[in-house]
Amino acid sequence: MDVTAIILAAGEGTRMKSNHAKVSHQILGKPMACWVIDAALAAGCTRVVVVVGSHSDEVRALISAAYKDTPHAAAIECVEQIERLGTGHAVRVALEETGIAEGPVVVLNGDLPLIQAETIRTFASTVAEGGHAGAILTFTPPEPFGYGRIELAENGSVNRIIEQKDCTPEQAAELTECNAGCYAFDGALLAAHVGEITSDNAQSEYYLPDMVEILKDHGHSVTIFHCDDYRDGLGVNSRAQLAELTGIARGRINARLMAEGVTFIDPAQAWISPDAQIGRDSVVWPQTHLIGACRIGEDCQVGPNTRLTNVVAGNGCTIDETVAIDVVLENNVSCGPRCYLRPGTHMLDGSKAGTHVEIKKSTIGEGSKVPHLSYIGDTTMGSGVNVGAGSITCNYDGKNKHATTIGDRTFIGSDTMMVAPVNIGADAITGASSCITRDVPDGALAIERSDQRVLEGYTERRRARL
Ligand code: UD1
Ligand code: CA
């Protein structure tokens, strides 16, 4: 079954009071638009049309960045709704621009991030196989204010949807079943009749929910589908709702991970991306953020006070008070406390980046240790190396970046400055406080510092003088 999804993401999002598109706002590090696109893709939609308008360059760019290297890139396209005349108008523009005029079409509000793929799938088949012209996802939120209300006929079928602003006070009080902003339509009937929506209402907008009455007037069946978990149907119109939905998403993700065997010291204090994986018996400490496609292995300790973005870690790693971005850690790696691992860092088995250590675009070999107060950049380090406290690779000459290599089992004395480009061989030693500007052969000691002078009795002479 080829299902097309149309995602409505062109609105101004006025209530967000933002300089950005509403759908660019993130929930657990992922833009709202991508939550909805991912749900549509996971439901099996083979074509996803995103209607963009307000801040359309920004929305196009974030969609392109999120999917360009994925198998779904070809399935996703954006169409521009230049004038934003309402959700009904947005769908009309999408159909006109793409020429879609048949097959099941699912329409999703772009501000409906918690919608589940399974719901969309069930929904699309209701229309594709159940002989209905349309289906509307409904829910009963604790606070229905702001949502379109479902008016039922005597026989329990849906009559029409009345927007909050068009409700009489009685309707607003009595009708508690709400429109979630997720619809399935027979594409041919949608294309044939979407032009019949008018803007004769309180907001002078073309309302997509009016399709219910229009299809019914043409003698077609429209069904409602009640979503038992009201949280799936919540929309985001304000910052308060953004925070509320972030909390719900966090709770769901952490509950799933706990069910899979991950320990959370306090699940209310860990913000894990929906795209992250964590292996069993790993422990997540408070104030941990995993952003993007992090993959953490088994038996790891993550946090506290840690932010990892697209980090891949093997088993048995300790990642304590660490910020890491686009980094690969193999097994039994130890980081922190207070370490900063930047893109391109690859730490091999049993290696260590300790306290106040920054590493960028470098490979740290098996069992090698950079324990204290170091900066290592553009470096290839062998195995079994020990880098003494305060040692630094001087990789930048003010204009260009240069590489450093350090061979296996080499001992870098404390406070060594390695002025790149420079190669330090295997089994070598650098004397503490040396500034290494020339290559060091295998097995050699390189020492660069002035001889120490000792002036006996100096303190007493100085005191007498002063
Ligand atoms: C809409 C529904 C309401 C439903 C609620 C669910 C309409 C008229 N009302 O109300 O019945 O209960 O969602 O959350 O549809 N958009 C466009 N182009 C436009 C206007 C809007 O793409 O011209 C997009 C917005 O970016 C947004 C979505 O459509 O993602 C919904 O628009 P919004 O203004 O948030 O509608 P609601 O007032 O929440
Ligand atoms: Ca909305």
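**Salt bridges, a calcium site and backbone features**

In this predicted model, the side chains of Asp427 and Arg409 meet in a salt bridge with an N to O distance of 2.7 Å; the term denotes a side-chain nitrogen of Lys or Arg within 4 Å of a carboxyl oxygen of Asp or Glu. Asp427 sits in the loop between β38 and β39 (429-430) and Arg409 in the loop between β35 (404-406) and β36 (411-412), so the pair ties together parts that are 18 residues apart in sequence. Helices (H or I, at least four residues) and strands (E, at least two) are DSSP runs, numbered from the N terminus. At 38% relative accessibility, Asp427 counts as partly exposed, where buried means under 20% relative accessible area, exposed over 50%, and partly exposed in between (1.4 Å probe, protein chains only).

The salt-bridge rule gives a count of 17. Salt bridges with shared partners join Asp229, Arg231, Asp232 and Arg252 into one network. Another bridge links Arg338 to Glu321, at 3.2 Å from N to O. Here Arg338 is in the loop between β24 (334-335) and β25 (339-341) and Glu321 in the loop between β21 (318-319) and β22, so parts 17 residues apart in sequence are tied together by the pair. Both ends are partly exposed, Arg338 with a relative accessibility of 46% and Glu321 with a relative accessible area of 22%. A further bridge, between Glu118 and Arg121, has an N to O distance of 2.6 Å. These two residues are 3 apart in helix α4, which means that about one helical turn separates Glu118 and Arg121. Glu118 is partly exposed at 47%, and Arg121 is partly exposed at 35%.

Turning to the metal site, the calcium ion (ligand 2) has Asp111 (OD) and Asn237 (OD1) as its protein donors, lying 2.2 to 2.5 Å from the ion. Asp111 belongs to the loop between β6 (104-109) and α4 (117-130) and Asn237 to the loop between β11 (222-226) and α8 (239-259), so the pair ties together parts that are 126 residues apart in sequence. Donors are N, O and S atoms within 2.8 Å of the metal (3.2 Å for Na, K and Ca), and water is not among the atoms, so sites may look incomplete. Asp111 is buried, at 13% relative accessible area, and Asn237 is also buried, at 15%.

The peptide bond from Gly303 to Pro304 is cis, with omega near 5°, and Pro304 is placed in the loop between β18 (301-302) and β19 (306-309). Ala420 and Pro421 are likewise joined by a cis peptide bond, with omega about 5°; Pro421 is in the loop between β37 (417-419) and β38 (422-424). Asp326, although not a glycine, has a positive phi of about 50°. Asp326 lies in the loop between β22 (322-325) and β23 (328-329) and is partly exposed at 37%. For Asp378, phi is near 50°, again a positive value in a residue other than glycine. Asp378 occupies the loop between β31 (375-377) and β32 (379-381) and is buried at 12%.

Residues are numbered from 1 along each chain as its sequence is written, while chains are lettered from A and ligands numbered from 1 in the order in which they are written. Local features need pLDDT of at least 70, side-chain atom pairs count only at pLDDT 80 or more, and totals for chains, interfaces and linings use all residues; side-chain values use heavy atoms, with hydrogens and water left out.
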